[in-house]
Amino acid sequence: MLDVKRNDTVLVISGDDKGKRGRVLRIFPERGRVLVEGVNYIWRHVRPSQKNPQGGRVQKESTLAISNVMLVCSECNAGRKVTHSGTGRERVRVCRQCGHVIAAPGR
Ligand SMILES: [Zn+2]
C-alpha cells in the first residue's frame, strides 16, 4: 500500500532536491517511482514541433524514488510518516505525529 497518491503534496527527503515540496503528478507503482511537480528537473532534448518550433533543450521533471518523498501533513506542515486506518473506501491515511487524517486528494 503506497502512502502517496496523485495530487498529494510531498516533501523530498533525499537527493539534490531535498527539502523541496511539490504536487504528485504521476505515480509509477510498478517501478516504485513518482513524478513530482517542480522537482528533479532534467534537461531533455526535443525535436522541433508546432508547440516548440525551435526544438532544442527543455527542462522537464524526472521521476524519483517513492522512498525519497514523504507525504506532507497539513496540520504539522511537515513531511510525516503515515499509518493506514480503515478498509476499502473508508481507508484513510493518518499522520503518525499528530493523528490528523490526511484527506485523499481530489481528482
Ligand atoms: Zn501531522
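Is D8 buried or exposed? With a relative accessible area of 4%, D8 is buried (under 20% relative accessible area; exposed is over 50% and partly exposed lies in between, with a 1.4 Å probe and protein chains only). The views below show a predicted model, in which local features need pLDDT of at least 70, side-chain atom pairs count only at pLDDT 80 or more, and totals for chains, interfaces and linings use all residues. Residues are numbered from 1 along each chain as its sequence is written, and side-chain values use heavy atoms, with hydrogens and water left out.

**View A. Salt bridge between D8 and R93.** The side chains meet at 2.7 Å, N to O (a salt bridge is a side-chain nitrogen of Lys or Arg within 4 Å of a carboxyl oxygen of Asp or Glu). D8 lies in the segment before β1 (9-12) and R93 in strand β10 (residues 92-95), so the pair ties together parts 85 residues apart in sequence (strands are DSSP runs of E, at least two residues, numbered from the N terminus). R93 is buried at 3% relative accessibility.

**View B. Salt bridge between D17 and K20.** The closest N and O atoms are 3.1 Å apart. D17 is buried at 14% relative accessibility, whereas K20 is partly exposed at 35%.

**View C. Salt bridge between R23 and E37.** The closest N and O atoms are 3.4 Å apart. R23 belongs to strand β2 (residues 21-28) and E37 to the loop between β3 and β4 (41-46), so the pair ties together parts 14 residues apart in sequence.

View D. R33 is partly exposed at 27% relative accessibility. Residues in contact with R33 include I27, F28 and T63 (heavy atoms within 4.5 Å).

Note on methods. Helix = DSSP H or I, 4+ residues; strand = E, 2+ residues; numbered from the N terminus. Lists of a residue's contacts leave out its neighbours within four places in sequence.
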